[in-house]
Amino acid sequence: MDLAYSALALQVQCRSVNSLDIAAARQQIFNNIEHVAKQVKSSLGFIKTFSGEAVRLVVLPEYFLTGFPMGESIAEWKAKAVLDIDGEEYNRLAKIAQDNNIYLSGNAYEADPNFPELYFQTCFILSPAGNTVLRYRRLISMFSPTPHDVWQPYLDIYGYEAVFPVAKTEIGNLAAIASEEILYPEIARCLAMRGAEVFLHNTSEIASPGLTPKDIAKRARAIENMAYVVSANSAGIADISLPVNSADGMSKIIDTKGRVLAESTIGETMVAYAELNISSLRALRLKPAMTNLLARQRNELFAPTYQQTVYPANNMLVQLNDQTPINRQHFIDTQVNVIDDLMAKGIFHSDASRSKPRK
């Protein structure tokens with residue numbers, strides 16, 4: 001019997017907490033969960049009535065609970081918008097999964113008791129039983145802490161396997177990719193090499209009538225890894241100074257050949273749903289052929305290059321040990337130093353006639 005089911009990239013509006021005080025922000029998070037609960041239930045009901053298909057997997061956008069920090073310090077954002085691992089927010093999200101008999105994927109800013117000064121942006125998957133079957137911490141971010149920034153102690157606590165988790169479930173092997181990480185093929189490949197068959201992409205990205213870098217990358221990651229991509233974008237971000245619909249539209253489901261099976265336009269919508277045939281995917285991966293890209297990898301060719309340091313690991317440890325607050329400038333300074341190092345190594349080059357001093 002084929003393993004096939006419908007998945008939904010649910011495009012909902014993100015209602016930010018940036019302008020609220022702590023108490024109001026916490027209440028807004030609960031309001032956002034209630035809004036999502038209603039959207040999930042009504043969407044699944046309509047899809048069942050319209051197409052006869054039972055949805056087993058729902059992917060939500062990045063930022064759907066809180067929006068993103070816009071200048072808030074790490075301490076300020078922790079107080080206002082960061083979830084505890086065993087907090088009430090997760091309990092309420094788990095109930096959505098239970099009530100609808102679905103796997104529910106989302107993204108949140110999350111506290112870690114092992115790193116009390118920080119938070120991590122986390123992709124999660126909740127099972128129909130309400131259990132957290134996957135917790136993936138975003139590894140590459142411009143202005144948020146990541147496990148790589150505290151790499152050695154993070155590995156000592158969690159081990160390397162926890163860095164690239166894959167949930168092996170009755171609907172296939174599920175993995176999460178956060179937002180712009182879809183642009184980094186190494187992340188998807190590491191997950192695929194641990195058995196991932198479906199990439200759940202929680203994103204909040206600029207929409208366009210034409211192809212964008214992220215939109216191209218979604219197709220590429222599907223083709224390279226012979227995997228499905230279920231990508232849920234936000235239906236705008238409300239209550240911030242940016243135009244609401246800047247990040248809106250283009251939620252989609254992509255098959256193993258890079259073909260778009262379903263896609264949404266702008267606004268809150270459930271039209272991005274389609275069938276995932278995991279049995280066909282598994283059969284494809286077992287065929288000896290030129291198109292079997294996973295089976296034709298030669299990783300030893302690339303290992304020496306990837307041993308080079310570009311963006312340094314453990315870059316936050318000195319400040320944490322000195323109890324120095326980590327602010328937005330830390331991320332800028334680190335990247336400036338990386339660019340200078342790449343120039344010194346002859347990897348990056350400057351056009352002296354056009355270059356200007358960097359601050």
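The model is predicted, with local features requiring pLDDT of at least 70 and side-chain atom pairs counted only at pLDDT 80 or more, whereas totals for chains, interfaces and linings use all residues. Residues are numbered from 1 along each chain as its sequence is written, and side-chain values use heavy atoms, without hydrogens and water.

Helix α1 comprises residues 22-51 (helices are DSSP runs of H or I, at least four residues, and strands are runs of E, at least two, numbered from the N terminus). At the start of α1, a side-chain oxygen of D21 comes to within 3.3 Å of the backbone nitrogen of A23. Just after the helix, G52 adopts a positive phi of about 80°.

E62 is located in the loop between β3 (55-59) and α2 (74-81). E62 counts as buried because its relative accessibility is 0% (buried, under 20% relative accessible area; exposed, over 50%; partly exposed, in between; 1.4 Å probe, protein chains only). Its side chain forms polar contacts with the side chains of Y63, at 3.4 Å, and S179, at 2.9 Å (N or O atoms within 3.5 Å, within protein one able to donate a hydrogen and the other to accept it, residues adjacent in sequence counting only if both atoms are side-chain atoms). Leaving out residues up to four places away in sequence, E62 touches residues including C14, N107, Q121 and R138 (heavy atoms within 4.5 Å).

The largest nonpolar core has 100 residues, of which L57, V58, V198, F199, V230 and L276 touch the most other members (a core being buried Ala, Val, Leu, Ile, Met, Phe, Trp, Tyr and Cys residues joined through side-chain atoms within 4.5 Å). Helix α1 supplies the largest share of this core, eight residues.

Conventions
Expected span 1.5 Å × (residues − 1).
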